[in-house]
Amino acid sequence: MDRLPRWADVALVPLISLLLAAIISALVLLSIGQSPVEAFDVMVDGALGSAYGWGYTLYYTTSFIFTGLSVTFAFHASMFNIGGEGQAQLGGLGVALVALALPWPHWTLALAAATLGAALFGAAWAAIPAYLQARRGSHIVITTIMFNYIAAAFLVYLLVDVLRPAGQMDPASARFPEGAHLPALNDIPGLNLIFTKPVPANVTLFIALAMAVVVWAILWQTRLGYQIRAFGKSEPAARYAGINPTFIIMVAMLMSGALAGMMSVNNVMGEAERLLQNSSEGAGFIGIAVALMGRNHPFGVVLAALLFGFLYQGGAELGLWTSIPIEMRIVVQGLVILFTGALDMMVRMLLARIFALFRSRQPGVA
Amino acid sequence: MDYATLLQILDTTLRLATPLLFACLAGLFSERSGIFDIGLEGKMLAAAMASGAVAFLTGSAWLGMLAGIGASLVFAAIHGLASITFRGNQLISGVALNFLASGITVLVAQALFGQGGRTPPLSGAARFNPITLPFADTLQGVPVLGPLYREVISGHALPVYLALAMVPLSWWVLNRTRFGLRLRAVGENPAAVDTAGVSVVGLRYAALAITGILCGLAGAYMATALQAGFGREMTAGRGYIALAALIFAKWRPVAALWACLLFGFFQALALRPDVVQAVVQVKVPVPFLDALPYILTVVVLAGFIGKAIPPRAGGEPYVKER
Amino acid sequence: MADGTLAIELKGISKAFGPVQANRDINFAVPRGTIHGIIGENGAGKSTLMSILYGFYKADAGQIFIGGKPTAIPDSQSAIRAGIGMVFQHFKLVQNFTVLENVILGAEEGQLLNRSLAKARKVLEGLSRDYDLDVDPDALIEDLSVGHQQRVEILKALYRQADILILDEPTGVLTPAEADHLFRILEGLKDQGKTIILITHKLREIMEATDNVSVMRRGTMVATVKTAGTSPEELAELMVGRKVLLEVEKKPATPGAVVLKVEDLRVSDEHKVERLKGVSFEIRAGEILGIAGVAGNGQSELLAALGGMMRATGKVTLNGAELPLAGKGSDGQSRRRAGIAHVPEDRHHYGLILDFTAWENVAFGYFNEPEYQKNALFMDNAALREDTRRKMEKYDVRPPIPGLAAKSFSGGNQQKIVVAREMEQNPDLLLVGQPTRGVDIGAIEFIHNQIVALRDAGKAVLLVSVELDEILSLSDRIAVMFDGRLMGFRDPEKTDERELGMMMAGMAGQGEAA
């Protein structure tokens, strides 16, 4: 097979994958008697057509940056962390416990403490699968899946029997105190000129962007990141170089869990302002698609998160204004994972054929 | 706990173990051929929806079952395309197909019936109804065994017995036939099969086809026998429990039966927290009982109960060496 | 019996992998009932040619004639039908199957196994009687020795009624005694009228076992001659295209103080099988100790234990300080800090991260070095690139581009990157395993000279190699390893390949002073 130019590998392969996913999605819509063009219009209009729509798109983007970075970080250590969902829910628990612990004097303090709490709880939930993988060879994919289910059950128990205030019917925690209220984009001077209506996107967006930079720096500029990437490429070689596998697996998974947990600052603290059942709403899983689409690079993850933010807000608009079920976005998500993660070889072969065709038409270049 | 309650729980165990058993054997064929399949869940779900829908539309549980198998086979074929033909990541392909199934089942069910992603309730011939085995009533008087036969063994829908029959059949195919020999070989060392002039790709697709059929049966059973129709996410993680049972059983058919019965038993207990409380004398939260199969699976995976050695070529796409 | 007709004839076979022309216009004929050798360096195209003959690859051009008839071989099935059997260098056996199951795989009779197994059992009995191919049909492959596993491969081919048997580097993993047995089997097969193609890079085997020999060089067939009418020197010259000096020029050693002292070193693998069964030796400053032996007799475990990749028991002292052999301080990082550098046996598996760039690989194992750090937090990637550029020039790595991925370099240049990295850290002790495996002639000379230069700089070197020539020409002292033990020490000036070969087979060798 011919090699692809680097720019094609980095940019064209994900774009073609996305295009294929879009084509199949359109076919799915046609087959259930809906118009793909109309659906796309509704999505673009609802997600990108107004500052209000952007406020929602960026809100989802924030969550997806965190979970995408989470999957990416573990991926570089060759760990496929499917447990982002459970880790995010535990992160939500961390946020709730911190927010409810004190009558916070100012949101900045609450934000710092809640971020820490979310990261700690998310990391803790990743710790057991990480340890079992490192020390007992239990496959991380299966254990993290199991931990998602265990987390869900654990939170149901906590919300029903422990955290629910007396007299409240629905399984949820108490409301967070006023001091734990995070400024939304419409509360921020300057940005409030753009976002005139209340939107859910909030200051957590900036933490997410900062984390993308932090993840990039750790992976490509530090000894730790060097060791993580070396271990991820070849475990026997890492042993030869004296890299401690247990340490790397633990660090990579704890960091991955922490990033997944931190997304809960966005939705639990920034939006719901109390802990609800299934607070992460599948964002942990979307992290897989975001990481694959973003080619496991923080910069790519941010772009892919924006794309999925659009998809999610657009999907919600579909559910509101058309008869297309909101689950359409799960279909697209599955297709993106399929094409970017499992069928990338097909896309590459396709592109290599096309490139070869061009080359043969230009004598002297071949 | 009295004997009647025990029998009731065992009866539920058998019913709940059936989809696990189908899916577990499905995974067994795939993994013994060297293809990881964490998409059992998605195939079951797709099959449940297809069989529920077709059974409702035609009024025939049998046609529903065929449709379920067909839907599951389509997913198996995509998995094969990704992991065999294009040598992609088998885990990612499985995850993708699970999402695809999760979304598309609701979409199709909603488009067909407009009932919020469910199929309408099934009844009569659109379901597999309980079968009373011969002499169930006659032997009822026999102490201990009589009620056991009548309450637990007899009175299940046809797929339950089919699943049980699949256990010795799978064992026989795997160990006594040419196909089984080649299948086991391709999961251990595909190069050996390739140099012997047998198609690695063909064998692995055949294995995935069997996986597809068995997952189809699992899903069809869920929608047309265990319950009366399809509901969104109705498989609720059973595909993953089946996968865990497969590891627990060390990829062997007979052990798979016991593993699935055990996990079915846990699920049955989760439905009867009152009984659990009466036995252990402590109030056990229902979510804990729900989580019990998953917790135990983790314990199994941690290797505290024997070391499980997977097929050697598992998860690795086959590439000819120079 | 040789009757003058041709078993195989190839006409104009060409095959390219991308830009690499593996086979170029190959013409080649093998008379029926003969043993035909094909000799050539690593990468000369021997295995590619045989893979084409066995239907593993499709030739870009050319024709194949089997028994005088033009025959298309699009897949292995067709090759088997045409009467071709192949014994690969890496056996294609299912480890947890029995011998019988392996033999019938792909050649079963009908859908059920019972009949096939019964028939195979009978046929195997006959074959093992006729050809001295004795193997327990019910043994699991994983319990068999390498020599017996190879017999199973031959039995597989014969069971499929192969007339033409191709063996690819069959003696690489065998002891000399096992190799002799193999050649007796091949003689027997020839006497029954079978045609045998023997691919090897060992001149001795060609001279001893074959009737005719073809020499390949860089994808072309340069000559086919009668073995009786040629000499090893002539074949060697044809192989490399110029006179080669296997002798490495070096001054006599001037050993100094003891650098490494190993006492009763024992290593067990993950299945708790003891691989190293109590090994003791010393290496002095300015001395190269060569460990000879057939692959798999504990040499890899010796390197792994000393390099901090496997835990061990016993006592190891470096410059008088005892090294921990398990737990804290026994990892590769600690070993490097202690002054041990390690050129591993398998550079693709251990020595390099193929997806990493050259400069990232130069930091491999040495990522904690102060010179590569910008500050407490960050690495100094720019300094690392510059350092890499310098090393690439000094070791003549081509192309000298630090940003190129390791997988894009040729085998020889990859090995030079590893050697440069390890030697330039100025170690007290260099562990070096199979330094020239898969490396072209020019790079071999260069690497050999570097090892000698390091010795002359007063460093201790532990050299492990399965190439006797390499051991004989580089070592100041030779130890032979067999079955996890050292069979004895020899002075390279006072021993020869025959004596070492006997020791490698575990048959001779008394412990001279360690």
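This is a predicted model: local features need pLDDT of at least 70, side-chain atom pairs count only at pLDDT 80 or more; totals for chains, interfaces and linings use all residues.
In chain C, C:Ala341 sits opposite C:Leu430 of β17(C).

Strands β16(C) and β17(C), the latter covering residues 429-433, run parallel and are joined by 4 bridges. They belong to an open sheet of 6 strands with mixed pairing, and the order across it in chain C is β16-β17-β18-β13-β19-β20. At the edges you'll find β16 (340-343) and β20 (485-490) of chain C, each with pairing on one side only. Going from one strand to the next, the twist averages 20°.

| Helix of chain C | Strands touched (chain C) | Angle between directions |
|---|---|---|
| α14 (residues 411-423) | β16 and β17 | about 175° with β16(C) |
| α17 (residues 497-504) | β13 (287-292), β19 (477-482) and β20 | about 35° with β19(C) |

**A helix pair in chain A**

Over in chain A, how do α5(A) and α6(A) pack? Their axes are 9 Å apart and the angle is about 150°. Because angles over 145 degrees count that way, α5(A) is roughly antiparallel to α6(A). As for handedness, the two helices make a right-handed crossing.

On the α5(A) side, the residues involved are A:Trp125, A:Pro129, A:Leu132 and A:Gln133; from α6(A) they meet A:Ile140, A:Thr143, A:Thr144, A:Phe147 and A:Ala151. Sorted by class, this contact has 6 nonpolar and 3 polar residues, with no charged ones.

**Where chain A touches chain B**

Both of those helices turn up again at the contact with chain B. Chain A puts in 39 residues there, and chain B puts in 39 residues too. On the chain A side, at least two residues each come from α5 (107-136), α6 (140-162), α13 (328-342) and α14 (344-361). Which helix gives the largest share of that side? It's α6(A), with 12 residues. By class, the chain A side that touches chain B splits into 27 nonpolar, 8 polar and 4 charged residues.

Notes
Residues are numbered from 1 along each chain as its sequence is written. Chains are lettered from A and ligands numbered from 1 in the order in which they are written. Two residues are in contact if their C-beta atoms, placed from the backbone, lie within 7 Å. Ala, Val, Leu, Ile, Met, Phe, Trp, Tyr, Cys and Pro count as nonpolar, Asp, Glu, Lys and Arg as charged, and the others, Gly among them, as polar. Axes are lines fitted to C-alpha atoms, for helices over the stretch in contact, and angles run from 0 to 180 degrees between N-to-C directions. Angles under 35 degrees count as roughly parallel, over 145 as roughly antiparallel, 65 to 115 as roughly perpendicular and the rest as oblique. A crossing is left-handed if the near helix is turned anticlockwise from the far one by less than a right angle, and right-handed if clockwise. Two strands pair if DSSP finds at least two bridges between them.
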